[in-house]
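Biologist: I would like to go through this structure term by term. Tell me what each word rests on.

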Amino acid sequence: NLRIRERFGLTYHLESFYTPYTDVGSWGVYLSTEPGHAERVVRLVHKELKELRVRALGTLQLSRAKKQVQGQIAMAQENAGSSVASQLVTNVDLAAQAVILEVLSESMERFHFGLLTEEQADNSSRHQHDHFWCIDPMDGTLAFTKRSPGYSVSIALVNRHGTAVIG
């Protein structure tokens, strides 16, 4: 984050996130930049991630990362379901989900994919298939309702081991 932000000055906000579920998780990187810098910033992020695979973290870096993840998990458990954002489902969430499911339903039937989506009860179909669609039709609903930046549609095809294949 600091190297990309401070050295190149192409983004002010760059973060990674991890969202744990009962048996799988979602990890990603998001950032803000000008449209003309997007390709370069994505290349730089990929370069950083490749370096992390090769170059081990130092003891201090690893300790800090572990503490940050532990803190995020503790906060998520403490606040689960209690925040306005976690309780907010809009008609846009439901309409977006309906459109997404309509488009993906053919692939679910044809390739026997399971499903995990934020706006409906978990039917555990992801446990019965080699792959499943993981959908959050309006990630950042609170920001959307306030007409602020910070919302998106999240769709991924995930294998039974929790690795995103697409998305």
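Modeller: Start with burial: buried means under 20% relative accessible area, exposed means over 50%, and partly exposed lies in between (1.4 Å probe, protein chains only). This is a predicted model, where local features need pLDDT of at least 70, side-chain atom pairs count only at pLDDT 80 or more, and totals for chains, interfaces and linings use all residues. Residues are numbered from 1 along each chain as its sequence is written, and side-chain values use heavy atoms, with hydrogens and water left out.

Biologist: Why is Thr11 called buried?

Modeller: Thr11 has a relative accessible area of 6%. The limit for buried is under 20%. Therefore Thr11 is buried.

Biologist: Where does Thr11 lie?

Modeller: Thr11 lies in the loop between helix H1 (2-8) and strand E1 (13-20). Helices (H or I, at least four residues) and strands (E, at least two) are DSSP runs, numbered from the N terminus.

Biologist: Which residues does Thr11 touch?

Modeller: Contact means heavy atoms within 4.5 Å. Leaving out residues up to four places away in sequence, Thr11 touches Ile4, Arg5, Leu31, Ser32 and Thr33.

Biologist: What does the side chain of Thr11 reach at 2.4 Å?

Modeller: The backbone oxygen of Ser32. A polar contact is a pair of N or O atoms within 3.5 Å; within protein, one must be able to donate a hydrogen and the other to accept it, and residues adjacent in sequence count only if both atoms are side-chain atoms.

Biologist: Now the rings. How many aromatic pairs are there?

Modeller: Rings of Phe, Tyr and Trp (its six-membered ring) pair if their centres lie within 6.5 Å; planes under 30 degrees apart count as stacked, over 60 as edge-to-face and the rest as tilted. By this rule there are 2 aromatic pairs. In Phe111 and Phe113 the ring centres are 5.7 Å apart and the planes are at 25°, so this pair is stacked.

Biologist: What makes the pair of Phe113 and Trp133 edge-to-face?

Modeller: Their ring centres are 5.9 Å apart and their planes are at 85°, so the pair is edge-to-face. Phe113 is in the loop between helix H5 (91-111) and E3, and Trp133 is in strand E4, so the pair ties together parts that are 20 residues apart in sequence. Ring pairs link Phe111, Phe113 and Trp133 into a cluster.

Biologist: Which way do the residues of strand E3 point?

Modeller: In strand E3 (residues 114-117), Gly114 and Leu116 point one way, and Leu115 and Thr117 point the other way. All are buried. In a regular strand the side chains alternate between the two faces of the sheet.

Biologist: How do you know that E3 pairs with E4?

Modeller: Two strands pair if DSSP finds at least two bridges between them. E3 and strand E4 (residues 131-139) are joined by 4 bridges and run parallel. Gly114 stands opposite Phe132 in E4.

Biologist: On to helix H2. What is its span, and what was expected?

Modeller: H2 has 17 residues and reaches 25 Å from its first C-alpha to its last, close to the 24 Å expected. The expected span is 1.5 Å times one less than the number of residues.

Biologist: Which residues of H2 are buried?

Modeller: Val41, Leu44, Val45 and Glu48 are buried in H2. They cover an arc of only 100° around the axis, which puts them on the same side of H2. The arc is that of the directions from the helix axis to the C-beta atoms. On the other side of H2, Glu39, Arg43, Lys50, Arg53 and Val54 are exposed.

Biologist: Why does Ala38 count as partly exposed?

Modeller: Ala38 is in helix H2 (residues 38-54). Its relative accessibility is 31%, so Ala38 counts as partly exposed.

Biologist: What makes His112 exposed?

Modeller: Its relative accessible area is 52%, so His112 is exposed. His112 is found in the loop between H5 and E3. Phi of His112 is near 60°, a positive value in a residue other than glycine.
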